[in-house]
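Open the model in your viewer and keep the selection panel at hand. The tour goes from ring pairs to the sheet and then to the cores.

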Amino acid sequence: MSNIQNKNTWLHKAYTEFSMALVNNANLKSYAEPLIQPLFPLWSANDYRAQVKQVRSESQNCYTLVLKPTKKWPDFQPGQYVELQVIKNGAKVSRCFSISSPPEQFAQLGTIELTIRAQDKGRITPWLKQALTETSTVGLSAAQGDFIIKDRSRPILMIAGGSGITPFRSYLYSQAMIEPTQKASLLYYARNQGEHLFEQELNSIGDGNKHLTTHLISTAEMGHFSLEQLQQQCPNYLDYDIYICGPNSMIKAVNNVLLDAKVNEQNIYIERFGPAPVDFSQLDKAGTVNFSQSRKSAELGSHTSLLALAENIGMQPESGCRMGICHKCSCRKKSGVVYNTLTNSYSDTGQEDIQLCVSVPVGEVIIEL
Ligand code: FES
């Protein structure tokens, strides 16, 4: 057995070295991908591909992509997300989105749905809606993430804000399609009545199902999440596992109410759509970031990630999740100090690998990009 493994390792190493020598790429198939994909759009060297089946508007600024992944795409669990890869202006860009449809839909129809909010000043999310049609193909990762129901024997309370409903929609549909046994309650917040995504579906999904309850709450009329609302809508909340998904400000406020209400921290699960907010008031705003390979530079005016800074000056560094998970944006810092918003720590001044999406420059910094 170990002889076979050694041989495989040796062969893989030889293949990698041969490929690097020939085309400066560790994988010959990846190198050929741009040539092959125009002829066979659903072919990919490493990741999976998917056919766009529908682009459906959900509200003024939200839409759903219905995708049919290629055959080998693995299954997923409600609460997981995928990385979607597309080509924009000749550059490969990717973004991560929660799957908003249930696994049962994938099993029956072979399709998954991603519900996307077009960010006000976003480069990709507003563009995707215009660029993708029913003849488009996209790259797709396997499902990732651990915002999944941890314990099926305990009741769960889901607290969502805005487009944070997407992972819960997957779960609620899944529960409605199978024989539900787990007690589940949803508190879904939007500013005004009529602004809740999937309002009709959510109002009817629990019909005739004593295990599911949904409450669509308007903050303009009823205020933000509070202990009183919690006690009213879910009186036995201390027995529940609590899942929260929504904007960072909402997550922070909800979490504080729960902790004040003596909810055990271990029973709270959080999914963010970006890195946790950081108080930058102490950081040095002056200085220049130099991107050494592209010979571009940016002056620091406000605290923003190195990824956003590079994009603001027209660069297109590779990125994926934009929240410190996928490591696609990793690159070499040659000198200077950056603040990591994920670990809340400063780097040293010397050379090291950093993630652009969660690194905020502090003063003069040189990045090998
Ligand atoms: S884009 Fe995923 S870690 Fe930075």
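Start with the aromatic rings. In this predicted model, a search of the whole structure turns up eight aromatic pairs.

Select Phe 76 and Phe 106. Their rings make a tilted pair, 6.5 Å centre to centre, with 55° between the planes. Phe 76 sits in the loop between β2 and β3, and Phe 106 belongs to helix α3 (residues 103-109), so the pair ties together parts that are 30 residues apart in sequence.

Next, select Phe 147 and Tyr 243. The ring centres are 5.7 Å apart and the planes stand at 75°, so this pair is edge-to-face. Phe 147 lies in the loop between β6 and β7, while Tyr 243 is in strand β10, 96 residues apart. Both Phe 147 and Tyr 243 are buried.

One more ring is worth a stop. Select Arg 169 and Phe 198: the charged end of Arg 169 sits over the ring of Phe 198, 4.2 Å from its centre.

Now colour the open sheet. Five strands run in the order β9-β8-β7-β10-β11, with parallel pairing. Which strands stand at the edges? They are β9 (212-218) and β11 (268-271); each has a single partner strand, so one side of each is left without a neighbour in the sheet. On average, neighbouring strands are turned by 15° against each other, direction ignored.

Zoom in on β8 (residues 184-190) and β9. They pair in the parallel sense over seven bridges. Pick Ala 190: its bridge partner in β9 is Ser 218.

Show the helices. Helix α5 (residues 166-177) lies across β7 (156-161), β8, β9 and β10 (241-245), running at about 140° to β7. Helix α9 (residues 248-260) packs on the sheet and touches β7, β10 and β11; its direction makes about 160° with that of β10.

Finish with the cores. The largest nonpolar core has 24 residues; Leu 67, Trp 73, Leu 84, Ile 112, Leu 114 and Leu 128 touch the most other members. Elements giving two or more residues to this core include β1 (48-57), β2 (62-69) and β3 (81-88). Centre on Ile 112. Beyond its neighbours within four places in sequence, its contacts include Leu 65, Trp 73, Phe 76, Phe 106 and Leu 140. Apart from this core lies another, of 21 residues, among them Ile 156, Phe 168, Tyr 171 and Cys 245.

Definitions and conventions
Residues numbered from 1 in each chain as written. Predicted model: local features only at pLDDT ≥ 70, side-chain atom pairs only at ≥ 80, totals over all residues. Heavy atoms only, no water. Core = buried A, V, L, I, M, F, W, Y, C linked by side-chain atoms within 4.5 Å. Buried < 20%, exposed > 50% of the residue type's maximum accessible area, 1.4 Å probe, protein only. Helix = DSSP H or I, 4+ residues; strand = E, 2+ residues; numbered from the N terminus. Contact = heavy atoms within 4.5 Å. Pairing = 2+ DSSP bridges. Axes fitted to C-alpha atoms, helices over the stretch in contact; angles between N-to-C directions. Phe/Tyr/Trp six-rings, centres within 6.5 Å; stacked < 30°, edge-to-face > 60°. Lys NZ or Arg CZ within 6 Å of the ring centre and 35° of its normal.
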